[in-house]
Amino acid sequence: MLTRKQLELLTFINKRLQRDGVPPSFDEMKAALDLRSKSGIHRLITALEERGFIRRLPHRARAIEIVKLPDSLDTGSNARRGGFEPEIIDGDRPDVDPPRGAREVHVSAVDLPVMGRIAAGVPIDAISEVSHTVAVPSQMLSGSGAHFALEVKGDSMIEAGINDRDVVVIRETSVADDGDIVVALVEGQEATLKRIRRHQGTIALEAANPAYETRIYSDDKVKVQGRLVGLIRTY
């Protein structure tokens, strides 16, 4: 049994993971639940982890994954009588047997061009050349339109679950809502991965790491090139 606040937080985390592929930051959780401090979020996260609904991933700042959902939220894809059963996606390790009770799922993949490296820190030179390709599950791609991938450089988005050397999947678009994580082209020559917010003719590019300051530009200096829709991590 979850409290109302625990259920609200779990619902918010689940929706953001489905939309962006990365969990929300603690500041976003605090704002979404209208709490005054992050300590309340820490208590809710701990309670959800103790009840087996989420798992905090070690050695990654505030990275969270959903283990199971209550019946009121579950769509039926992961809930099974007797506990959570993961879906196993075929990879490049055929010698490894799936865990007992897991069901094997075959999914299609799409080769996306990796357009080089994108700064999750200060902006770097704009990216325009394909360095290689990466296989991405087709269900990770959102809606219509072209997609591409970028390798992340830096740690300024770490509290959004995006680490140095991760590969982010981007849907090409020139529009984005406030709060979206986007590839932004600054002054026509530098590209960066940041959360975007607009206010009275200005655009703020926000980091998800308190060590980095928010950068503010006039709206004619920033062009959105794409929105984050997924993330690939290699161990």
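Here are some worked exercises on the structure above.

The model is predicted, so local features need pLDDT of at least 70 and side-chain atom pairs count only at pLDDT 80 or more, while totals for chains, interfaces and linings use all residues. Residues are numbered from 1 along each chain as its sequence is written, and side-chain values use heavy atoms, leaving out hydrogens and water.

**Exercise 1. The overall picture**

Task: find how many helices and strands the protein has, and what percentage of its residues is buried.

Solution: 
- Begin with the secondary structure: there are three helices and 14 strands. Both are DSSP runs numbered from the N terminus (helices are H or I with at least four residues, strands are E with at least two).
- Next, take burial: 40% of the 235 residues are buried. Buried means under 20% relative accessible area, exposed over 50%, and partly exposed in between, with a 1.4 Å probe and protein chains only.
- Finally, look at contacts, meaning heavy atoms within 4.5 Å. Of those between residues at least 6 apart in sequence, 57% join residues at least 24 apart.

**Exercise 2. Strand β5 and its partners**

Task: work out in which sense β5 pairs with β7, and how β5 and β8 run.

Solution: 
- Two strands pair if DSSP finds at least two bridges between them.
- Strand β5 (residues 109-119) and β7 are antiparallel, with six bridges. In this pairing V114 is opposite H132 of β7.
- Strand β8 (residues 147-153) runs parallel to β5, and four bridges join them. I118 has V152 of β8 as its bridge partner.

**Exercise 3. The second largest pocket**

Task: identify which strand gives the largest share of the lining of the second largest pocket.

Solution: 
- Settle the terms on a 1 Å grid over the protein atoms alone: a pocket is an open set of points where a 1.4 Å probe fits, with protein on both sides within 12 Å along at least five of seven lines, and lining residues have an atom within 4 Å of a point.
- Grid points are joined across faces, edges and corners, and the volume is the space filled by probe spheres set on the points. For this pocket the volume is about 260 Å³.
- The lining includes H132, T133, V134, R165 and I232. Strand β7 (residues 132-137) gives the largest share, three residues.
- Sort the lining by type: three residues are nonpolar, three polar and five charged. Here Ala, Val, Leu, Ile, Met, Phe, Trp, Tyr, Cys and Pro count as nonpolar, Asp, Glu, Lys and Arg as charged, and the others, Gly among them, as polar.
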